[in-house]
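Hello,

Here is the structure I promised to pass on to you. Please have a look at it first, and then read my notes below.

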Amino acid sequence: MSISAQDILEAKNKFKWDYFAEICIKEPKSLKFVVETMLDGKSPHVQRAAAILTKVQDKRKRALLPFIGPMIQRLQSPAHDAVIRNIFRLFQIHDFSINQEARVMDIAFLYFQDPESAIAIKVFSMTTLVRLAKKYPDLLNEIKAIVKYQKPYMSKGMLSRSRSLGLLS
């Protein structure tokens, strides 16, 4: 069974997401379609495709490896906030090659520091940065400095995530 746009539109709960994630794991063509649907940026497909991809990543993290490059590229061009948010949601627990790491960190820094970025994008990009920065202590210090500077302007969600990541005391 292949997944269609209508299937994605009807995937409104965890049971459907799990079901479609299993199909994606078994059928690369379906996985490719779901990734392309998320990257395309047409709501409400984006959210539901992202939910399916999150389940795919939970079940078989390596299944998304062939799509990391296109996801990184998508972050470098104008996209709907839902696309950016969901890519960073996936990236906050994903492993990258050295080349990809550098690109993801650069892009995440841009979104994290941009006052126009939506709160969820900032939160997920910050989480991605902190996870990647564990390998680079100097970078973690830079993130802490930015958080300290931005603290008076942060939303409650940003403050909460900053504390949970150990960026604020």
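**Overall architecture**

Reading from the N terminus, the elements of the protein follow the order α-α-α-α-α-α-α-α-α-α. That makes ten helices and zero strands, where helices (H or I, at least four residues) and strands (E, at least two) are DSSP runs numbered from the N terminus. The radius of gyration is 16 Å, close to the 15 Å that the globule rule gives for 169 residues, so the protein is as compact as a globular protein of that length. Here the radius is taken over C-alpha atoms, and the rule is 2.2 Å times the number of residues to the power 0.38.

Before you go further: this is a predicted model, in which local features need pLDDT of at least 70 and side-chain atom pairs count only at pLDDT 80 or more, while totals for chains, interfaces and linings use all residues. Residues are numbered from 1 along each chain as its sequence is written, and side-chain values use heavy atoms, with hydrogens and water left out.

The C-alpha trace spans about 50 × 30 × 30 Å along its principal axes. Of the contacts (heavy atoms within 4.5 Å) with a separation of 6 or more, 67% are between residues 24 or more positions apart.

**Surface and charge**

The accessible surface comes to about 9000 Å², and carbon and sulfur atoms account for 55% of this; the areas come from the Shrake-Rupley method with a 1.4 Å probe, and for residues only the protein chains shown count as cover. There are 27 positive and 16 negative side chains, with the centres of the two sets 5 Å apart. Lys and Arg count as positive and Asp and Glu as negative, leaving out His and the chain ends; each charge is placed at NZ of Lys, CZ of Arg, CG of Asp or CD of Glu.

**The core**

Buried residues make up 47% of the 169, with buried meaning under 20% relative accessible area, exposed over 50% and partly exposed in between (1.4 Å probe, protein chains only). A nonpolar core is a set of buried Ala, Val, Leu, Ile, Met, Phe, Trp, Tyr and Cys residues joined through side-chain atoms within 4.5 Å. The largest one has 58 residues, and Leu31, Met38, Val56, Met71, Phe88, Phe91 and Ile143 touch the most other members. Helix H8 (residues 119-133) gives the most to this core, with eight residues. Beyond four places in sequence, Ile143 is in contact with Phe109, Phe112, Leu129, Val130, Ala133 and Leu167.

**Some individual residues**

Glu101, in helix H7 (residues 98-113), is buried at a relative accessible area of 2%. Leaving out residues up to four places away, Glu101 touches Phe96, Leu132, Lys135 and Tyr136.

Ser162 sits in helix H10 (residues 156-164) and is buried at 0% relative accessibility.

Apart from residues up to four places away, Gln150 touches Phe112 and Gln113. Gln113 is 37 residues from Gln150 along the chain, with 8.7 Å between their C-alpha atoms.

Finally, which residues does Met1 touch, not counting those up to four places away in sequence? They are Asp7, Tyr19, Phe20, Ile23, Glu27 and Ser30. Met1 itself lies in the segment before helix H1 (5-10).

Best wishes
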